[in-house]
Amino acid sequence: EKIELVNENKNLRAQLTAGECISGFIGTSSPMQTAFDTIKKVAAVDCNVLLQADTGTGKEMAARAIHSLSPRKDAPFVSFNCGGFAEELISSELFGYEKGAFTGATATKIGLLESADRGSVFLDEIGEMPHAMQVRLLNVIQNKEIMRVGGTKPIFLDVRLIAATNKDLKKAVADGEFREDLFYRLNVVSIPLPTLSERRDDIPLLISHFIRKFNRAFGKKIQNISAPALAVLMGYNFPGNVRELENIVQRAVALAEGDVIEVTDLPADLQSLEFSTLEG
């Protein structure tokens, strides 16, 4: 059985090598190959991109891949999460401010947009951006310039915007929550990223990758995952997608006492899933 597990692990690595992959991603399934192909095509064209995908599917990795494969690869790549921040903070972080613009502004600050000149800017959770900031971002796209908070002179800017969201932006536009003109400016090319449930064939590859990753991190020597444990994970829906799978494998590697991950090394709710499956 151990020899079979070792051979299976070697086969998974061979599949991974043979597959068409992009830096940061693991996957040889048809949905991922389609995504890789689209990313490569879009990277070569200097246009804004909208990544529409669930949390945990790798939106920032896709954005970094687009940047690294583009003519802008030698220029900066900066990222900013638009969710959960007050309008004033978003303004100062993205656009910067001049010395004396407000109390506490003791020196001029270069904003993230300005610091990424000639490069790419990744705006995650764009659907959460306040309306006033949407107006300012639209001006950046249309006029290719920014104005620091407290500034009087516009600053020319050459950046590529890669936005991401797990919201239905078309519905947000219809509900008046997101500007229609900004939506179309960002959505020049839309790239949907598959959920883990839509690419189940990649689960064994991902598990193998994460086992190696956390073996190095924890000084462990886990060789593989048992067939029953793999069956449990193959049947799970993964609402948190690849990020959730990574956390599950990290926990399993940390807790495993032997050199193979067993069902008992999985979270309790997944162990219950196995028992209910057996009973059914």
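Colleague: Is Asn-241 buried or exposed?

Modeller: Asn-241 is buried, because its relative accessible area is 3%, and buried means under 20%. Please keep in mind that this is a predicted model. Asn-241 belongs to helix H11.

Colleague: Where is Glu-125 found, and what is its phi?

Modeller: Glu-125 sits in the loop between strand E5 (120-124) and helix H6 (131-143). Its phi is near 50°, again a positive value in a residue other than glycine. With a relative accessible area of 31%, Glu-125 is partly exposed, whereas Asn-241 is buried.

Colleague: Let us turn to the whole chain. How many helices and strands does the protein chain have?

Modeller: The protein chain has twelve helices and eleven strands. Of its 280 residues, 46% are buried. Among contacts with a separation of 6 or more, 72% join residues 24 or more positions apart.

Colleague: How is the packing of two helices described?

Modeller: One gives the angle between the two axes and the distance between those axes. Take helix H9 (residues 203-218) and helix H11 (residues 241-255): their angle is about 50°, and their axes are 9 Å apart.

Colleague: Which residues make the contact?

Modeller: From H9, the contact draws on Ile-203, Leu-206, Ile-207, Phe-210, Ile-211, Lys-213, Phe-214, Asn-215 and Phe-218. H11 contributes Val-242, Leu-245, Glu-246, Val-249, Gln-250, Val-253 and Ala-254. By class, the residues of this contact are twelve nonpolar, two polar and two charged.

Colleague: At what angle do H9 and helix H10 (residues 227-234) pack?

Modeller: The angle between H9 and H10 is about 120°, with the axes 10 Å apart. These two helices are therefore oblique to each other, and H9 passes H10 in a right-handed crossing. Here Ile-203, Pro-204 and Ile-207 in H9 meet Leu-230, Leu-233 and Met-234 in H10. The contact of H9 with H10 has six nonpolar residues, no polar and no charged.

Colleague: Where does Arg-199 lie, and which residues does it touch?

Modeller: Arg-199 lies in the loop between strand E9 (189-192) and H9. Not counting residues up to four places away in sequence, Arg-199 touches Ile-26, Gly-27, Ser-29, Met-32, Pro-194, Leu-206 and Val-242. Leu-206 and Val-242 also take part in the contact of H9 with H11. Arg-199 is buried, with a relative accessible area of 3%.

Colleague: How many residues separate Arg-199 and Gly-27 in sequence, and what is their distance in space?

Modeller: Arg-199 and Gly-27 are 172 residues apart in sequence, and their C-alpha atoms are 8.3 Å apart in space.

Colleague: How do helix H4 (residues 87-95) and H6 lie to each other?

Modeller: H4 and H6 pack at an angle of about 20°, with their axes 10 Å apart. They are therefore roughly parallel to each other, since angles under 35 degrees count as such. H4 passes H6 in a right-handed crossing. Glu-87, Ile-90, Ser-91 and Phe-95 of H4 make the contact with Ala-132, Met-133, Arg-136, Leu-137 and Val-140 of H6. That contact has six nonpolar, one polar and two charged residues.

Colleague: Which residues are in contact with Arg-136?

Modeller: Leaving aside neighbours within four places in sequence, Arg-136 is in contact with Ser-91, Phe-95, Met-147 and Val-149. The C-alpha atoms of Arg-136 and Phe-95 are separated by 9.3 Å, although these residues are 41 apart along the chain. At 24% relative accessibility, Arg-136 is partly exposed.

Colleague: Finally, how many disulfides does the structure hold?

Modeller: The structure holds zero disulfides. Cys-47 counts as buried at 14% relative accessibility, and Cys-82 counts as buried at 0%.

Definitions and conventions:
Residues are numbered from 1 along each chain as its sequence is written. This is a predicted model: local features need pLDDT of at least 70, side-chain atom pairs count only at pLDDT 80 or more; totals for chains, interfaces and linings use all residues. Side-chain values use heavy atoms; hydrogens and water are left out. Axes are lines fitted to C-alpha atoms, for helices over the stretch in contact, and angles run from 0 to 180 degrees between N-to-C directions. Helices (H or I, at least four residues) and strands (E, at least two) are DSSP runs, numbered from the N terminus. Contact means heavy atoms within 4.5 Å. Ala, Val, Leu, Ile, Met, Phe, Trp, Tyr, Cys and Pro count as nonpolar, Asp, Glu, Lys and Arg as charged, and the others, Gly among them, as polar. A disulfide is a pair of cysteine sulfur atoms within 2.5 Å. Buried means under 20% relative accessible area, exposed over 50%, partly exposed in between (1.4 Å probe, protein chains only). Angles under 35 degrees count as roughly parallel, over 145 as roughly antiparallel, 65 to 115 as roughly perpendicular and the rest as oblique. A crossing is left-handed if the near helix is turned anticlockwise from the far one by less than a right angle, and right-handed if clockwise.
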